[in-house]
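Take a look at the model below.

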Amino acid sequence: MSSSMHSAVMAALVLVLAVAAVVAYRPVARRTGPPAGAVLGVLLAVAVCLGITLPDQIVSGAAGRLGACVTGDSVRTLTGGFAHNAVNVVLWVPMGLLGTLASRRPVAVTLAGSAAWVVVELLQTLDPVRSCQPLDWANNTLGVAAGALLGWLIGRARDSRQAGEIHAD
């Protein structure tokens, strides 16, 4: 698949997932209880992350690529290094942050995010253009955890401020 076609498929997938997030957020918020805006933020963050990381083609040879991923022998299709690793952390911070603000469960958000990115990394073996990398999973998990920590800190600060306002009355 050409680079421009790959970009077009990725953009279309992000768009479809974002539309699905917009359609689903109110029913999800009503069913689960958090504010609708927080649910929309989480679903949009997930949509963008999935849209840019899910494979956009399935080509034979996935078993060999899966074996290479598990053993750490897969060939990186994108340049690694600090910038690549930083992007793999930063992109997932909003998911951890918004997920924690919506659920108030930073550990559960981190574990769910980490598990989701294990699946995404393994799915990347279906596409020879993608690169399944255990280090990417670790960086994604770090990003979700950093966002969850930030969300937990914001939640605690908000709770302390509200408690202070109640006692001041």
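Which side chains meet in a salt bridge? Those of Arg104 and Asp159 do, at 2.3 Å from N to O. A salt bridge here is a side-chain nitrogen of Lys or Arg within 4 Å of a carboxyl oxygen of Asp or Glu. A search of the whole structure finds 1 such bridge. Arg104 lies in the loop between H5 and H6 and Asp159 in helix H7 (residues 134-168), so the pair ties together parts that are 55 residues apart in sequence. Side chains of opposite charge can pair when their charged atoms come close.

A word on the basis. The model is predicted: local features need pLDDT of at least 70, side-chain atom pairs count only at pLDDT 80 or more, and totals for chains, interfaces and linings use all residues. Residues are numbered from 1 along each chain as its sequence is written, and side-chain values use heavy atoms, with hydrogens and water left out.

How exposed are the two partners? Arg104 is partly exposed, with a relative accessible area of 46%. Asp159 is partly exposed as well, at 32%. The classes are set by relative accessible area: buried is under 20%, exposed is over 50%, and partly exposed is in between (1.4 Å probe, protein chains only). Arg104 has another feature. Its phi is near 60 degrees, a positive value in a residue other than glycine. This residue follows H5.

Now the whole chain. It has 7 helices and 0 strands. Both kinds of element are DSSP runs, numbered from the N terminus: helices are H or I with at least four residues, strands are E with at least two. Read along the sequence, the pattern is α-α-α-α-α-α-α. The C-alpha trace spans about 65 × 30 × 25 Å along its principal axes. Of the 169 residues, 34% count as buried. The accessible surface comes to about 9,500 Å², and 72% of it belongs to carbon and sulfur atoms. Such areas come from the Shrake-Rupley method with a 1.4 Å probe; for residues, only the protein chains shown count as cover.

A contact means heavy atoms within 4.5 Å. Among contacts between residues at least 6 apart in sequence, 75% join residues at least 24 apart.

Start with H3, residues 62-71. Its buried residues are Ala62, Ala68 and Cys69. Seen down the axis of H3, they fall within an arc of 125 degrees, so they line one face of the helix. That arc is taken from the directions from the helix axis to the C-beta atoms. The face turned away from the buried side carries the exposed residues Ala63, Gly64, Val70 and Thr71. Just after H3, Gly72 takes a positive phi of about 80 degrees.

What does Thr125 touch, leaving aside its neighbours within four places in sequence? The residues in contact with Thr125 are Ala62, Arg65, Leu66, Cys69 and Cys132. Thr125 sits in the loop between H6 and H7. It is buried, with a relative accessible area of 5%.

Leu66, Val70, Val118, Leu122 and Trp137 form a nonpolar patch with about 400 Å² of accessible area together. The elements that give two or more residues to this patch are H3 and helix H6 (106-123). Patch residues have over 30% relative accessible area and no salt bridge; like charges are joined within 9 Å, nonpolar side chains (Val, Leu, Ile, Met, Phe, Trp, Tyr) within 5 Å. Val118, in helix H6, counts as partly exposed at 33% relative accessibility.

The structure holds 1 aromatic pair. Trp92 and Trp117 form this edge-to-face pair, 5.2 Å centre to centre with 85 degrees between the planes. Trp92 is in the loop between helix H4 (82-90) and helix H5 (93-103), and Trp117 is in helix H6, 25 residues apart. Both Trp92 and Trp117 are buried. Rings of Phe, Tyr and Trp (its six-membered ring) pair if their centres lie within 6.5 Å; planes under 30 degrees apart count as stacked, over 60 as edge-to-face and the rest as tilted.
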